[in-house]
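My notes follow in the order in which I looked things up.

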Amino acid sequence: MPELRVFSLLARIGLTCYAAVHLVVAWLAAQVALGDNERADKAGALQIVASEGGAWLLWLIAAGTGVLALWQLAEAITGHRNADPRRRWVRRTVSGVEVVLYGLVAYSAGKTAMGASGKAGSVVASVLGRPWGAVAVIAAGVLVIVVAAWLAYRGARKKFLHDLDFGGASRTLRLSTTRLGQIGWCAVGITYATVGAMFVLAAVRYDPGKAAGLDPALKTLAVQPYGQVLLLALAAGIAVFGVFALLEARFRRL
């Protein structure tokens, strides 16, 4: 059906955009490791995209990843009917997490395209000013860490392969995609865990600036013993995930 072909095209464009954002994030993270003060969170990456390609490219990213988010929302609610009943809820939970991941990129791209600004730190500062604020921020940080652990588990155990269709691909390409996915998902998990830990630290020390996003988390990591080496390794891992996501755009079951 023409509608399905259009949807498939938009979804694959969205996955390609998702990959491109991570490649830019990896490049910015490497700059932080080398002493550059550029922002290295997703908003910063999208600002770089805007300066290079213009607002139209941001709207393309927003539309593509927005379609991905809506698709995964439908999958989380009514999808995966062909899966074993005992595994169906797991697959739907995975789709639910992907709704959030794709949705955040779509929202950030749209907000950046409209010229909006704002920092997570200001939101955290507002929440921490409430009587229940510290508990809420700690809970949010712990939740992010839990999701990060799940992302790393997804990579280490190759769970992402359930979503790929390698029909016609060579054995070398299948093996390469699998290895890239394992490394990339683990690196993304470590990245989110770092952000979650910074949220918890911000609440414990009442320092909203610590929870302003990925940028301060990476800068904090960079100044630790061997931090530069660790951050460069993390940047390489995020880049690997970006390459994997490009391959996923080709092989993802839609």
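Which residues does R154 touch, not counting residues up to four places away in sequence? I found V94, E98, K159, F160, D163 and W185, where contact means heavy atoms within 4.5 Å.

Before going on, I noted that this is a predicted model, in which local features need pLDDT of at least 70 and side-chain atom pairs count only at pLDDT 80 or more, while totals for chains, interfaces and linings use all residues. Residues are numbered from 1 along each chain as its sequence is written, and side-chain values use heavy atoms, with hydrogens and water left out.

**R154.** I placed R154 in helix α6, residues 133-156. Helices here are DSSP runs (H or I, at least four residues; strands are E, at least two), numbered from the N terminus. I read a relative accessible area of 3% for R154, so R154 is buried. The classes are buried under 20%, exposed over 50% and partly exposed in between, with a 1.4 Å probe and protein chains only. I also checked the side chain of R154, which makes a polar contact of 2.7 Å with the side chain of D163. A polar contact is a pair of N or O atoms within 3.5 Å; within protein, one must be able to donate a hydrogen and the other to accept it, and residues adjacent in sequence count only if both atoms are side-chain atoms.

**α4 against α6.** I listed the residues that meet: V94, V97, E98 and L101 from α4, and V147, W150, L151 and R154 from α6. The two axes are 12 Å apart, at an angle of about 115°. Axes are lines fitted to C-alpha atoms, for helices over the stretch in contact, and angles run from 0 to 180 degrees between N-to-C directions.

I compared the length of α4 (residues 85-113) with expectation: at 1.5 Å a residue its 29 residues should span 42 Å, and the end C-alpha atoms are 42 Å apart, which agrees. The expected span is 1.5 Å times one less than the number of residues. After α4 comes G115, with a positive phi near 80°. Within α4 I looked up G96, which counts as partly exposed at 27% relative accessibility.

**Whole chain.** I counted 9 helices and 0 strands. Buried residues make up 43% of the 254 residues.
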